[in-house]
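Hello,

Here is the structure I promised to pass on. My notes follow below it.

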Amino acid sequence: MPDASRALSSGALADLHARCFTTPRPWNAAEFDDLLATPGTFLCGDARGFSMGRVAVGEAELLTIAVAPECRRTGLGRARLDAFEAGARARGAQEAFLEVAVDNAAACALYTGAGFVLAGRRPRYYGTPDGRRIDALVMRKALPANS
């Protein structure tokens, strides 16, 4: 999938992110602008859903993935994750990492189904709107060049 960073405005990204997240908190347009200006950062997707990643020194990080609520359970999340992996490989990454809230069962299932494995845990990493703290799982996946 082509890099969508020029096709989606930071406002549109922030609006979709706000529809998808409370924990972690959604990012605003300025935060998307800052991330997209960072070397190695790339975006794949459209107004229905996107993935954003960053590659440095052979490692990729899935910064966020968001799918509009009305488009969930259609395979779009997996397609955006696959696009992130392809984009990371194209930029020289041999390994990918991500963080996910331990209570986000749908995302955990998506990542596990795509071959990500548990690499660690960050206790009390995310804050919720009601003040609770939730652990983050750190997951990793090898990205062989021939995949």
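**What I found**

Thr-128 sits in the loop between strand 5 (117–127) and strand 6 (133–142). Strands (E, at least two residues) and helices (H or I, at least four) are DSSP runs, numbered from the N terminus. This is a predicted model: local features need pLDDT of at least 70, side-chain atom pairs count only at pLDDT 80 or more, and totals for chains, interfaces and linings use all residues. Residues are numbered from 1 along each chain as its sequence is written, and side-chain values use heavy atoms, with hydrogens and water left out.

Thr-128 counts as buried because its relative accessibility is 11%; buried means under 20% relative accessible area, with a 1.4 Å probe and protein chains only. Leaving aside residues up to four places away in sequence, Thr-128 touches Thr-23 and Ile-134 (contact: heavy atoms within 4.5 Å).

Now helix 3 (76–90). Helix 3 has 15 residues and reaches 21 Å from first C-alpha to last, close to the 21 Å expected at 1.5 Å a residue. That expected span is 1.5 Å times one less than the number of residues. Its buried residues include Leu-76, Arg-80, Phe-84 and Glu-85. Among the elements covering the buried residues of helix 3 are strand 1 (41–46), strand 2 (49–56) and helix 4. Just after helix 3, Gly-92 takes a positive phi of about 95°.

Best wishes

Methods
Buried means under 20% relative accessible area, exposed over 50%, partly exposed in between (1.4 Å probe, protein chains only).
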